[in-house]
Amino acid sequence: MRTVDEHLAAVLGQLAPLPDLEVTLLDAHGCVLAEDVVASRPLPGFDNSSMDGYAVRYADVAAASEQNPVSLPVVGDIAAGSGGVYAVNTGLCARIMTGAPIPAGADAVVPVEWTDGGVARVRIDRAPAPGDNIRRAGEDVVAGESVLAAGVTLGAAQIGLLAALGKARVKVRPKPRVVVFSTGNELVDVGVTPGPAQLNESNSYALTAAARESGAIAYRVGIVPDDPVRLLSLIEDQLVRADLVITTGGVSAGAYDTVKEVLSRLGTVEFTKVAMQPGMPQGFGTIGPDATPIFTLPGNPVSAFVSFEVFVRPAIRRMLGVSQMYRPLVRATLTEPFTKSAGKRSYVRARIEVRDGAYMVAPVGGMGSHLVADLALANALIVAPEHVTEAPAGVTVSVMMLERRSP
Ligand code: AMP
Ligand code: MG
């Protein structure tokens with residue numbers, strides 16, 4: 001029997017980030033940038049107004065006040081996107097809209113709210129400071145400046161910056177494409193009422209969603225019957241679009257444990273017992289001409305889910321090349337006791353919350369690996385070490401956060 005850490009190390013040792021690829025901007029969302037991005041032009045690209053108002057020469061309006069307003073002829077209207085060349089001579093002004101280029105000669109913009117809004121002539125009741133309401137070319141980004149470094153994960157704001165700089169494509173480490181199968185003759189798809197001894201298949205849905213939450217592009221293939229020939233040919237069919245394959249079910253010691261039977265024969269997937277609860281039977285290896293990595297997870301829904309969190313999520317994160325491979329682990333005070341067997345690391349479904357600035361955690365529901373409703377209530381997993389058998393209320397425990405929480 002392997003420890004969790006040994007199995008995880010064995011898995012991660014066989015994986016590497018995918019080769020760099022140039023993709024369009026929205027496909028880059030969530031990926032790690034694989035190039036340093038240098039701005040080819042400044043941002044803003046030209047001096048422009050940050051307000052709707054009047055572009056003026058400061059000296060002409062410096063004395064303006066409500067008691068002594070200044071009145072100026074308006075020589076033109078400059079809208080955003082206006083390509084005309086405008087200039088404001090002494091004693092004149094131009095109506096200008098947010099984002100429109102500042103005309104030559106103007107050195108401040110008076111907000112429309114400080115004026116009577118005149119079209120041919122305008123009354124100005126307040127003086128701006130020199131340079132007010134002008135966004136200068138290059139004040140955000142200077143041409144030639146390095147704006148994003150390789151290694152950064154591209155979130156919404158980074159995608160926005162790349163777009164603002166006009167970059168249509170960007171070099172990233174691509175998201176792994178993950179194909180998810182489930183096996184079992186007893187399984188029927190959602191939308192079908194299960195017959196006697198049948199159940200609606202859930203693992204492939206949960207794991208496809210989990211793979212997407214981990215940053216992968218995930219495809220759900222669905223149910224494969226416990227038939228060695230069908231299983232093998234379906235896996236082979238899917239390899240063209242897979243950087244990683246996940247199967248569930250069929251890896252225990254039962255008579256119809258097809259996954260184990262088929263893949264053992266190929267000899268590239270190693271089936272191991274891992275000292276964990278739930279999730280003991282694990283398999284990992286490579287398959288096909290490109291040595292595509294494959295996880296064979298146990299079929300019990302909670303075992304499959306926990307196995308995914310413990311082994312597959314870090315694997316996907318490694319393939320993505322992100323530095324944050326693991327879920328955050330926090331220390332929390334246990335509010336309800338639990339017991340476990342010695343010699344295995346337990347992942348106990350739990351709810352964590354913050355009370356008075358401190359993490360408090362309690363197990364939810366039973367230990368059974370089939371209890372999906374309890375799993376759906378959990379927002380964390382208590383990680384109980386191998387040697388522990390009893391965890392009384394009040395002790396500090398390690399908790400894997402399945403969702404973001406801050407104290
Ligand atoms: P197995 O690992 O194939 O022996 O399955 C263990 C248990 O998990 C059995 O009770 C199965 O019916 C159940 N199970 C296996 N695969 C799935 C699945 N994809 N969705 C829901 N339950 C499953
Ligand atoms: Mg089965």
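Is Arg 345 buried or exposed? Arg 345 is buried, with a relative accessible area of 13%; buried means under 20% relative accessible area, exposed over 50%, and partly exposed in between, with a 1.4 Å probe and protein chains only. The structure is a predicted model, in which local features need pLDDT of at least 70, side-chain atom pairs count only at pLDDT 80 or more, and totals for chains, interfaces and linings use all residues. Residues are numbered from 1 along each chain as its sequence is written, chains are lettered from A and ligands numbered from 1 in the order in which they are written, and side-chain values use heavy atoms, with hydrogens and water left out.

Arg 345 has a salt-bridge partner in Asp 5, with N and O 2.9 Å apart. A salt bridge here is a side-chain nitrogen of Lys or Arg within 4 Å of a carboxyl oxygen of Asp or Glu. The two residues belong to distant parts of the chain: Asp 5 is in helix α1, Arg 345 is in strand β24 (residues 345-355), and 340 residues separate them. Helices (H or I, at least four residues) and strands (E, at least two) are DSSP runs, numbered from the N terminus.

The whole structure holds 13 salt bridges. Another of them pairs Glu 270 with Arg 2, where the closest N and O atoms are 3.3 Å apart. This pair also links distant parts of the chain, with Glu 270 in strand β18 (residues 269-273) and Arg 2 in the segment before α1 (4-12), 268 residues apart. Glu 270 is partly exposed at 43% relative accessibility, whereas Arg 2 is buried at 19%.

Glu 353 and Arg 355 form a further salt bridge, and their closest N and O atoms are 2.7 Å apart. In this pair Glu 353 is partly exposed, with a relative accessible area of 35%, and Arg 355 is partly exposed too, at 41%. Elsewhere, salt bridges that share partners join Asp 5, Arg 345 and Glu 386 into one network.

The next topic is the ligand. Ligand 1 is surrounded by 16 residues, and the closest are Glu 186, Glu 201, Ser 202, Gly 250 and Gly 299. A residue counts as near a molecule if one of its heavy atoms lies within 4 Å of it. By class, this shell divides into 3 nonpolar, 10 polar and 3 charged residues. In that scheme Ala, Val, Leu, Ile, Met, Phe, Trp, Tyr, Cys and Pro count as nonpolar, Asp, Glu, Lys and Arg as charged, and the others, Gly among them, as polar.

Backbone atoms of the protein make polar contacts with oxygen atoms of ligand 1, a polar contact being a pair of N or O atoms within 3.5 Å. A polar backbone atom of Gly 250 is 2.8 Å from a ligand oxygen. For Gly 299, a backbone N or O atom lies 3.1 Å from an oxygen of ligand 1, and for Asn 300 the corresponding distance is 3.2 Å. Of the 480 Å² of accessible area that ligand 1 has on its own, the protein covers 78%. Accessible areas come from the Shrake-Rupley method with a 1.4 Å probe.

Val 188 is found in strand β14 (residues 187-188). Val 188 is buried, at 11% relative accessibility. Leaving out residues up to four places away in sequence, Val 188 touches Pro 194, Gln 198, Leu 199, Asn 200, Glu 201 and Ile 223, where contact means heavy atoms within 4.5 Å. Glu 201 is also listed among the residues closest to ligand 1. Val 361 is 173 residues from Val 188 in sequence and 36 Å away in space, C-alpha to C-alpha.

Some backbone details remain. The peptide bond from Leu 43 to Pro 44 is cis, with omega near -15°, and Pro 44 is in the loop between β3 (37-38) and β4 (48-49). Gln 277 and Pro 278 are also joined by a cis peptide bond, with omega about -5°; Pro 278 is in the loop between β19 (276-277) and β20 (281-287).

Asn 133, a residue other than glycine, has a positive phi near 65° and is placed in the loop between β9 (121-124) and β10 (134-135). Asp 356 is not a glycine either, and its phi is positive at about 50°. Asp 356 lies in the loop between β24 and β25 (358-363) and is exposed, at 83% relative accessibility.

Notes. A polar contact is a pair of N or O atoms within 3.5 Å; within protein, one must be able to donate a hydrogen and the other to accept it, and residues adjacent in sequence count only if both atoms are side-chain atoms.
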